[in-house]
Each structure stands twice: as structure tokens, then as C-alpha cells.
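Hi everyone, thanks for coming.

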Amino acid sequence: MSIEGATERWVRTGGIELCVAELGDAARPTVVLVHGYPDSKEVWAQVAARLAEHFHVVLYDVRGHGRSTAPVPLRGGFTLEKLTDDFLAVADAVSPDRPVHLVGHDWGSVQAWEFVTAGRTEGRIASFTSMSGPSLDHFGHWIRKRMTRPTPRGTAQLLGQGAKSWYVYMLHTPVLPELAWRGPLGKWWPGILRRMEKVEAGDYPTASLPRDAAHGAWLYRDNVRARLRRPRADAYAHAPVQLITPTGDMFLSERLYDGLEQWAPRLVRRTLPAKHWVPRTRPDRLAAWVGEFVTANEGTVNEKTASEETAAGAAPGTTVASGPYSDRFGGQLVLVTGAAGGIGRATAHAFAGAGARIVAVDRDAEGAARTAETARLIGAPEAWAETVDVSDERAMEKLAEKVAAEYGVVDVLVNNAGIGLSGSFLDTTSEDWKEVLDVNLWGVVHGCRLFGRQMAERGQGGHIVNTASAAAYQPSRTLPAYCTSKAAVLMLSECLRAEFAGRDIGVSAVCPGFVNTGITSTARFAGTSAEEEKRRQQKAARLYGRRNYPPEKVAEAVLKAVVRNQALVPVTPEARAFHFLSRFAPRALRAIARVNPPL
């Protein structure tokens with residue numbers, strides 16, 4: 001089966017013929033995609049289509065797979081040395097004068113590690129992106145270290161990976177894997193992928209799957225035991241390496257890559273909340289990361305690519321972000337409401353510093369635009385500003401549609417937009433209540449419903465952060481509407497966390513205390529004249545200014561909450577103290593609630 005828009009050629013090497021597909025402009029940097037087991041090159045179709053907009057993309061069926069011919073005999077025909085011969089033959093055919101950028105998944109990554117560490121390929125590889133497939137040499141040393149110098153943690157890691165590798169033992173058995181794949185397993189496999197990995201139905205896997213999987217068993221038999229017993233001591237990468245680790249990979253432990261910097265000194269790490277078959281489930285994210293890494297290691301970008309990147313909001317020659325959490329958030333799409341100032345702006349900038357793409361949302365158009373502009377300067381490869389009132393359900397629906405169509409499905413949603421209202425219950429009108437609840441509660445509901453649904457339908461997880469407040473659990477005689485709205489946000493977050501847990505979508509409620517933001521200067525005071533309200537706003541601003549707890553610390557707590565999947569995050573000492581009292585001394589909180597603040 002051919003890939004739409006691709007031209008095909010045949011490359012002969014070592015007595016076999018390899019089917020090679022090409023997309024994009026051959027004058028641009030060449031990216032070679034190597035598939036894994038039991039796949040064919042079609043596993044890369046969606047990634048290749050995206051990369052072909054900026055690069056010359058090459059895919060080939062590994063020997064014995066897809067439309068490439070199989071060695072005769074099969075035994076001994078799939079050694080890493082012969083697979084390296086195949087790669088060099090393809091690279092020489094498609095890019096004879098320039099090194100290529102290599103990308104491998106699963107067994108494509110396993111063999112690509114051989115390519116990037118073998119002396120005879122030095123100078124032919126400009127960069128290597130690895131996902132879901134370790135070097136057998138590195139794996140062998142990893143095992144030896146834990147067996148010769150055992151520790152409780154190391155032994156647990158060894159046993160854990162041993163359990164994940166059950167299929168490797170099965171593939172070493174004679175005849176049975178071939179019978180299974182040519183029989184029922186070959187028929188069931190597409191359904192298994194849809195149920196376990198959320199791989200969309202379509203023309204993948206191809207009809208050659210049963211034969212490909214039967215042939216591919218020799219990848220394991222020809223290489224695994226031999227390399228694990230005698231791993232190479234010189235398996236050092238001679239090109240920059242980008243490691244993309246799916247955190248939900250059921251076959252490979254993240255601990256396998258501990259100490260990888262020893263073997264790959266020029267290493268960039270990425271983590272992705274996804275399962276094993278990321279070329280099919282997260283092609284958007286992989287294409288973006290691969291594109292960034294290729295551009296960063298190519299040295300120059302042709303004029304057309306540079307102009308396209310500038311139009312998209314990224315600077316030509318964008319470098320890979322290296323700030324805190326860049327391995328976790330680099331390239332992810334993060335939407336922040338209330339992003340024109342305060343906690344929202346600080347949060348957008350913190351995610352930008354980690355290399356995330358930013359959608360800055362606020363009803364203040366100029367403020368949102370400034371946040372997006374600064375985000376690009378800080379490290380966001382792309383950033384956009386959107387002007388929306390979060391309390392307007394229809395406007396939020398249009399925003400969700402636009403974001404999904406133009407930027408992609410949001411990976412992290414931060415519902416931060418909020419307003420303040422002070423005043424006794426009897427002085428607070430129904431219009432006051434409606435205004436506070438529309439923004440502080442309904443704005444969060446709209447965001448969770450619309451973007452949470454998109455995350456759920458994508459099936460690859462995500463995270464929602466709702467900015468509540470210490471007022472969610474600390475009552476106050478002067479903040480009945482505000483406390484009620486934030487308490488509702490906290491409970492909504494807890495309910496959604498329970499509902500979305502089965503979809504790998506985390507939900508966190510961040511509860512700041514007194515933070516020096518602009519909300520104090522815009523907060524309303526019910527039951528007062530305009531002049532008195534202005535005086536109280538100024539006094540509140542001075543008090544918060546003296547407290548001077550910066551919003552950047554709240555932003556840091558937001559990123560940690562996502563990384564650690566925390567349910568409730570009190571921020572500031574008083575917020576933590578109030579939370580402690582709410583659990584163990586609620587009567588003390590009720591006494592504090594009766595105090596009338598000096599405003």
C-alpha cells in the first residue's frame with residue numbers, strides 16, 4: 001500500500017530490494033523515518049505528511065516487511081549489521097551529498113541506535129530522534145550494572161522491565177509466533193490496537209501485517225540475546241540525540257534510559273503522556289518535536305521554511321527549549337485563560353520557558369497579545385493571543401473550535417480567569433452574584449466541558465488546572481460570593497478528577513492565598529459608592545503589595561501540579577495554614593471568618 005502523495009523507488013542491497021517512499025522537496029534537509037515491529041512504513045504516514053511541509057521525508061519498509069523483500073534464509077538475515085547496510089544504501093540513494101536526520105520508533109529505534117553508534121556511519125547522520133526503542137548495547141550494560149552491583153531499587157527496576165518484556169521471550173520460541181501471527185493474532189491485532197492504544201481505524205495496519213510480523217520475529221532472534229550477553233563498549237552516539245519517552249509505554253520502563261547521557265552526550269529528553277504507538281496516536285506532537293530538532297541541528301533553514309515559521313509565530317532556526325520541565329512540556333499546547341496579567345500571565349510565561357506552545361486567552365486583547373509576544377521571546381516555539389470573555393458560552397465554543405482546527409488539541413488547560421468581589425451577603429445584589437459566578441465558576445465549567453471533551457475524544461490524556469483560592473476552604477464574612485465561587489471550583493475539580501481519571505486526564509485545583517496581582521485593583525466592593533470602592537481597591541493593592549508574594553511562584557506550583565498530577569495545591573504559607581485548619585481545626589477557621597478585615 002502506497003502513502004498518499006509519495007513517490008516510490010527500489011533500493012537494492014545485500015540481495016534484497018527495499019521499498020522506499022519519498023515526500024516533500026528533495027532540496028531540503030532529509031528526514032529518514034524507520035518503523036518498528038510489527039509495522040511497515042505506513043505507521044509513519046501521519047507524521048510524514050506533517051514533516052513533508054518543511055523537509056524531504058523518506059520512509060522505507062525494513063527488509064521482510066511491507067513491500068520490501070525478505071532475506072533467504074530468514075535466520076541470520078536480520079542482524080543489526082545487515083540492517084545498517086540497508087540504512088546506508090537508502091541514505092546514499094536519497095541524500096548522497098548531505099547527512100540525514102534519523103527518526104526511529106520501536107525496533108526502528110533499536111536499529112537506529114546501531115546506526116548512530118557505528119563507526120562506519122559517522123558523518124552520515126545529522127541527528128537522531130529515538131522513541132520507544134533502546135540501544136541493545138545500552139540495555140545490556142543497564143542489566144549488567146543491576147546484576148553485578150545489586151541494590152533494592154535496581155533489582156526492582158530489573159524485575160519490572162523483565163515483566164514488561166514478556167513478549168520478547170515469546171518471540172524467541174520456535175514456530176509459535178509465526179503460527180499466531182498468520183492465524184488469529186494477525187486478525188485480532190487491529191482491534192487490539194484500537195482498544196489498548198486508541199489507534200484510529202483506517203488503512204493501518206496494512207494487509208501485509210501477518211507476514212511482516214512472522215518475518216520480524218527474526219529481529220529479536222538474530223540480535224537480542226547476542227547483544228545483551230556481549231554489549232559493545234564503544235556504543236557512543238556520534239550525533240545529537242533527542243529521546244522521546246511515552247510515559248504510558250506498557251513495554252518499556254522509563255528507567256531504561258537512566259544514565260543515557262553517558263552514551264549520548266548531546267542528549268535532549270522529551271516525555272509524552274501517551275502509550276507505545278505514538279506515531280499513530282500523537283503524530284502532531286512528534287512532527288513538531290522532530291521538526292524543531294532537525295532545524296536546530298541542521299544549522300541553516302532554507303528561505304521558504306524560515307518565512308513559514310515566522311508566519312506561524314516562531315522564529316527561524318528555533319532552538320530546543322532547555323528550561324525547567326522542558327522534557328515534559330516542550331512542544332505541548334497549553335491554553336491559559338486570564339492570561340493578560342497576574343497569575344495567568346506568569347503561568348503562560350512559565351510554560352513558555354519550558355518550550356510549550358501557548359494560547360493566551362483574555363478579554364483584554366492588548367494584554368493577551370503582550371503575553372503571547374513575550375512567551376515567544378521566552379522560549380515558546382509558537383504563541384497566539386485570543387480575545388474571549390470566558391463567561392460567554394457561545395464565545396468559548398467558538399474558541400474551542402478554532403483552537404482545535406488551527407492549533408490542535410490542548411494538552412494542558414489552565415482555567416485561571418477570575419474576578420474579585422468583597423462585601424457582606426446582604427449588600428451583595430443578585431447581579432453581583434451573577435457576575436462573579438459567571439466568570440469564576442461558569443468560565444471554568446465552559447473551559448472544562450469544551451476542552452476536556454476534546455482531550456477525552458483524542459484519547460491520549462491531558463491535564464486541567466483550575467485556579468481556585470484559599471477562599472475555597474476559608475470562609476469570610478466579607479467574601480461570601482467570592483468564597484462560594486471558589487469553593488464550587490474546588491469541588492468541580494474533585495468531581496472531574498474522579499470522572500476523568502479513567503481517561504488519563506489529570507485535574508488539579510490550585511489554591512493561592514494573598515498574591516500580588518492586579519485583581520486587587522479591579523475587585524469590586526458591594527454596597528459602597530464609587531469613591532469608596534476606589535479607596536478600598538487602592539488600600540487592598542497596597543496591602544497585597546506589602547505582602548509581595550509574586551505570581552511567578554504560583555506559576556511554578558502550577559507546572560509542578562501537572563507534572564506530579566496533584567489534586568489540591570495550596571500556594572503561599574497562609575493558604576497551607578488555612579488548609580491544615582480546614583482539615584484538623586475547622587472551628588478555628590470559623591472564628592477567623594468572623595474577623596472584619598481592615599478595608
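Predicted model: local features only at pLDDT ≥ 70, side-chain atom pairs only at ≥ 80, totals over all residues.

In which order do its strands run? It is an open sheet of 8 strands, in the order S1-S2-S4-S3-S5-S6-S7-S8, and the pairing is mixed. As a reminder, strands of a sheet pair through backbone hydrogen bonds, either parallel or antiparallel. At the edges you'll find strand S1, residues 7-13, and strand S8, residues 267-272, each of which pairs on one side only. From one strand to the next, the twist averages 20 degrees.

Now zoom in on two of these strands. Strand S6, residues 125-131, and strand S7, residues 241-246, run parallel and are joined by 4 bridges.

Helix H3, residues 107-117, lies across strand S3 (30-34), strand S4 (56-60), strand S5 (100-105), S6 and S7. Relative to S6, helix H3 runs at about 150 degrees. Helix H11, residues 283-298, packs on the sheet too, and there the strands touched are S3, S5, S6, S7 and S8. The direction of H11 makes about 155 degrees with that of S6.

On to charges. Side chains of opposite charge can pair when their charged atoms come close. How many salt bridges are there in the whole structure? A search finds 30.

The side chains of Arg270 and Glu292 meet in a salt bridge, at 3.3 Å from N to O. Because Arg270 lies in strand S8 and Glu292 in helix H11, this pair ties together parts that are 22 residues apart in sequence. Are these two residues buried or exposed? Arg270 is buried, with a relative accessible area of 1%, and Glu292 is buried as well, at 13%.

Then there is Arg282, which meets Asp284 in a salt bridge of 3.4 Å, N to O. Here Arg282 counts as buried at 1% relative accessibility, while Asp284 counts as partly exposed at 26%.

Some salt bridges also link up into a network, and one such network holds Glu81, Glu114, Asp137, Arg227, Arg232 and Asp234.

Lys434 and Asp438 form a salt bridge of 2.7 Å, N to O. They sit 4 residues apart in this helix, so about one helical turn separates them. Lys434 is exposed, with a relative accessible area of 53%.

Val436 lies in helix H17 as well, but this residue counts as buried, at 2% relative accessibility. What does Val436 touch, leaving aside residues up to four places away in sequence? The list is Ile419, Leu421, Leu441, Ala481, Tyr482 and Ser485. Tyr482 is 46 residues from Val436 along the chain, yet their C-alpha atoms are separated by 6.9 Å.

Last stop, the surface. Trp166, Tyr169 and Met170 form a nonpolar patch there, with about 370 Å² of accessible area together.

Definitions and conventions:
Residues numbered from 1 in each chain as written. Heavy atoms only, no water. Pairing = 2+ DSSP bridges. Helix = DSSP H or I, 4+ residues; strand = E, 2+ residues; numbered from the N terminus. Axes fitted to C-alpha atoms, helices over the stretch in contact; angles between N-to-C directions. Contact = heavy atoms within 4.5 Å. Patch = residues over 30% accessible without salt bridge, like charges linked within 9 Å, V, L, I, M, F, W, Y side chains within 5 Å. Areas by Shrake-Rupley, 256 points an atom, 1.4 Å probe, with all protein chains shown as cover. Salt bridge = Lys/Arg side-chain N within 4 Å of Asp/Glu carboxyl O. Buried < 20%, exposed > 50% of the residue type's maximum accessible area, 1.4 Å probe, protein only.
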